[in-house]
Amino acid sequence: MATEKELSDFLKSVEKRAWKRAVYAVRDEDAALDIVQDTMIRLAEKYADRPPAELPLLFQRILSNATMDWFRRQKVKNQVVRNFSEYEGSGDDSEFDILETLEALGGPLQSESAAESVSRAQILQTIEAEVALLPARQREAFLLRYWEELDVAETAASMGCSEGSVKTHCSRAVHALAKALKAKGITS
Amino acid sequence: MKLDDRTYRDAARAASEARFARAVAACLSESADRLAPDVAERLRFGREKALELARHSRGEAVGVTASGAAIAGLGKSPWWLRFASVLPLVALVAGLVMIQNWQTRTQISVAAEIDEALLGDDLPINAYRDPGFAEFLKAPPSE
């Protein structure tokens, strides 16, 4: 059973990432705050007695459900509904060199002058914008796998799909991001 | 041999994808750490509200467990309280035993009175076994 401190530390460690993910999904900062708060309350009310190790996966599942609930409510209100269906990309990314873009992400960020700091902020903004533009399922798989650091099986369980689908979504997301970032001039 | 090359290429590609993804994730984390103060404050408020609810639900769970134990007589209540809770049951059982005893004594007493009346009467007891005398007793008294 997680103690109050363990639960507090856990929520503190995930709340910012959760809010960002919710913003990517619903494109509304206030709605994202409501979703994250709702997720934290649901976790605390129903699963506070679970061991600390189970909290990350439970939190991700509740967050996904809360986001889906938000979309359902929006649909009921006849507002704009984002397309949550599978995205099939062109798949023609095999010749793209990911490492070329990777160096740009890691290279100039180590030591920063004022100019580099501004440049860094712009790079971060661009990356966030490109992540937000990813198809929903690809983005969800990518963020759960690499940002929340869930393994493939946990990501699949959280998304309610097969492990193969998770790998495919992640691979497509990585290639789409690398291609988009290179197109924006974020290269070595 | 071809298979080995392909496996090697796939592994290298997966490794480079993972490195790229982690680099992007690191950038996202850096960006998340630069949240606006009002957003961070609202997140803190939400977290504290959730923790308060968790505290409340835990308190309720403890209360329910304690009251359940008390009802079952398993709680750590004082001996006199436990004794007092058993007292009505003891009184009920004692009352039932006394009523049973009183009824038995009454029946014995009634039977003894009948025996005494029969044995003390002038009429011999064998007379009641005579069918003619039984008919005489049933017949209405003559003028």
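The largest nonpolar core holds 55 residues, and Val36(A) and Val24(B) touch the most other members of it. H1(A) gives the most to this core, with nine residues. Domain 1 (4–76) and domain 2 (98–183) of chain A each supply at least three residues to this core. The model is a predicted one.

**Helix H1 of chain A**

- Helix H1 of chain A covers residues 4–26 and bends by about 40° at Glu15(A).
- Glu15(A), the site of the bend, is also among the buried residues of H1(A).
- The buried residues of H1(A) also include Leu7(A), Leu11(A), Val14(A), Ala18(A), Trp19(A) and Ala22(A).
- Further along, the buried residues of H1(A) include Lys20(A), Arg21(A), Val23(A), Tyr24(A) and Ala25(A).

**Helix H2 of chain A and Val36(A)**

- H2(A) has 19 residues and spans 26 Å from its first C-alpha to its last, which is close to the 27 Å expected at 1.5 Å a residue.
- Among the buried residues of H2(A) are Ala32(A), Leu33(A), Ile35(A), Val36(A), Gln37(A) and Asp38(A).
- The buried residues of H2(A) also include Thr39(A), Met40(A), Ile41(A), Leu43(A) and Ala44(A).
- When neighbours within four places in sequence are left aside, Val36(A) is in contact with Glu15(A), Ala18(A), Trp19(A) and Ala22(A), and also with Leu43(B) and Gly46(B).
- Glu15(A), one of these partners of Val36(A), is the residue at which H1(A) bends.

**Asp69(A) in helix H3 of chain A**

- Asp69(A) is placed in helix H3 (residues 55–76) of chain A.
- Asp69(A) counts as exposed because 12 other C-beta atoms lie within 10 Å, and a residue with 12 or fewer is classed in this way.
- Asp69(A) and Ile35(A) stand 34 residues apart in sequence, and their C-alpha atoms are 9.1 Å apart in space.
- Ile35(A) is one of the buried residues of H2(A), whereas Asp69(A) is exposed.

**Positive phi angles in chain A**

- Most residues other than glycine have a negative phi.
- Arg27(A) is not a glycine, yet has a positive phi of about 55°.
- Arg27(A) counts as exposed because it has 12 C-beta neighbours inside 10 Å.
- Glu149(A) has a positive phi of about 60° and is likewise not a glycine.
- Glu149(A) is found in the loop between helix H6 (136–147) and helix H7 (152–159) of chain A.
- Glu149(A) counts as exposed because it has 12 C-beta neighbours inside 10 Å.

- Chain B has four helices and zero strands, and its pattern along the sequence is α-α-α-α.
- Chain B has 143 residues, of which 10% count as buried.
- The contact takes 36 residues from chain A and 28 residues from chain B.
- On the side of chain B that touches chain A, the elements giving two or more residues are helix H1 (2–32) and helix H2 (37–71) of chain B.
- H1(B) gives the most to that side of chain B, with 14 residues.
- The residues on the side of chain B that touches chain A divide into 15 nonpolar, nine charged and four polar.

Methods: Residues numbered from 1 in each chain as written. Chains lettered and ligands numbered in written order. Predicted model: local features only at pLDDT ≥ 70, side-chain atom pairs only at ≥ 80, totals over all residues. Bend = angle between axes of the 7 residues up to and from the residue. Buried ≥ 20, exposed ≤ 12 C-beta atoms within 10 Å, placed from the backbone. Contact = placed C-beta atoms within 7 Å. Nonpolar A, V, L, I, M, F, W, Y, C, P; charged D, E, K, R; others polar. Core = buried A, V, L, I, M, F, W, Y, C linked by C-beta atoms within 7 Å. Domains from an automatic or database assignment. Expected span 1.5 Å × (residues − 1).
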